[in-house]
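Thank you all for coming.

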Amino acid sequence: MVNKVVGSFEEAVADVFDGATIMFGNFAGPGGFPINLCRALRHKGVKNLTIIGNTAGGIGLTTDFDDQAILFENRQVKKVIASFPFSISPSRPSPCEKQVLAGEVELEIVPQGTLAERIRAAGYGIGAFYTPTGVGTVVEKGKEKRVINGREMLLEYALPADFAFIRAFKADKLGNLVYRGTQRNFNPIMATAARITIAEVDEIVEAGEIDPEAIVTPGIFVNRIVKVTKQEDFPRHLERSFWVKTA
Amino acid sequence: MGPTKGKLTRELMAMRISQELFDGAVVNLGIGIPTLVSSYIPEGMTIIFHTQNGALGFGPVVTADEVAEKADVDLINAGGQYITPLPGMCFFHHADSFGMIRGGHIDLTVLGALQVSEKGDLANWLFPARGVGNIGGGMDLAVGAKKVIAAMEHVTKNGELRILKECNYPLTAKECVDLIVTDIAVIEVTREGLVLREHAPGWTAEEVQALTEPRLIIPPDLKEISF
């Protein structure tokens, strides 16, 4: 019987190697960020990582919390691929910003929709695609441009990874996942795009306990599941559904 | 009492922008002045708000005194603000979210701007003085939304012009802006050039022109901004 449940975050990241490419699910702030997998990666200390995500952590949008910033502080990152890599406040630069400006970390900045689609393409077996986003901007530098249906478009390549660290609400033991609210963000597409996908979840249930119609990430995209044992001190009403029923 | 010459506050700019909304519109609001627009939805009108981090049809932002009761890290907008649920709200992942944006399924987006050109080029992601910037979802929204409104103060704090023949800041997208709403004017971007549709109370077309680099087309039905 397949059982993808792993007992600890340390065990879940045990095979992450120096030089690995790792995706982190997240938009901004704590919701949908695999905080415990990120901490375990910091503890493991592997270096020369390429990290992919919407932000690079430490952007200061919400209250301080452990995110990818701790990997920069621990000097584990060689390259970052993100759409929003810097702090929202120029006076409080993130660790990523400092290391990019010092030439210590390489940055590839990608429009958010292009980042999402490149990740999706990698998971869906598509090599590359053309998109109008970025035409006439710094993003088009070095890229093939074509006119398609009368509109200029840029060639963008699929973006795969060795590992995807993702956050979901509930998993069954086969790895089928459901999400909670805007926690979903990049998580379902990243789950498809990595060789090894590791999901951090609030709850693990038996196969059959999640409505098959409600499953967002089919279990074959998920290799390992780890249960969160200690909830962070963030406002989060887990007992309350966002489904507002009208009378 | 006659009109006093002043500049519109951010709230008044948001009120003016809200006149561009229509019933059933799917709307994505950027950060800053655009976010304020959600406070001025005309009565009886249903707006379906989209946020690029994966939600449609959500309710108002959680206010400061509601945080303990209503805030939830799993329900935020693109500005990181806590939002509230509404019946019919739905969630989706980022690829779907930007499919909605690039695929032309968003009726209207309001974006903050640093500079806008005569042709409707938009620059809003990088202050050259900082040297680095965040692209985020702005390039996709500027390219994909059916209508793009740029919201900005007409000139910088130091009086530098921001509506220019050509932007000199790095672009977000070319020829994407349809309407510019500033603290002194409402300007439509057309094939023929920039058309001054409305001016703030007390301002003349000549005074707006003096703070605008490209030549403004002054139509016979030029109006004062009203609320």
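Predicted model: local features only at pLDDT ≥ 70, side-chain atom pairs only at ≥ 80, totals over all residues.

Let us begin with A:D202, which forms a salt bridge with A:R167, their closest N and O atoms lying 3.3 Å apart; by a salt bridge I mean a side-chain nitrogen of Lys or Arg within 4 Å of a carboxyl oxygen of Asp or Glu. Because A:D202 lies in strand β10 (residues 194–205) of chain A and A:R167 in strand β8 (residues 161–172) of chain A, the pair ties together parts that are 35 residues apart in sequence. Helices (H or I, at least four residues) and strands (E, at least two) are DSSP runs, numbered from the N terminus.

Residues are numbered from 1 along each chain as its sequence is written, chains are lettered from A and ligands numbered from 1 in the order in which they are written, and side-chain values use heavy atoms, with hydrogens and water left out.

Are A:D202 and A:R167 buried or exposed? A:D202 is buried at 8% relative accessibility, and A:R167 is buried at 7%, where buried means under 20% relative accessible area, exposed over 50%, and partly exposed in between (1.4 Å probe, protein chains only). A network of salt bridges links A:R167, A:R180, A:D202, A:R236, B:D72 and B:D74.

Over all chains, the structure holds 29 salt bridges. One of them joins the side chains of A:E104 and A:R75, at 2.6 Å from N to O. Since A:E104 sits in the loop between α4 (95–101) and β4 (106–109) of chain A, and A:R75 in the loop between α3 (69–73) and β3 (77–82) of chain A, this pair ties together parts that are 29 residues apart in sequence. A:E104 is partly exposed at 43%, and A:R75 is partly exposed at 47%.

A:E117 and A:R120 also meet in a salt bridge, at 2.8 Å from N to O, and both lie in helix α5 (residues 112–123) of chain A, three residues apart, about one turn of the helix. Here A:E117 is buried at 13%, whereas A:R120 is partly exposed at 29%.

Finally, let us turn to chain B, where helix α4 (residues 94–102) is mostly covered, with seven of its nine residues buried, including B:F98 and B:I101.
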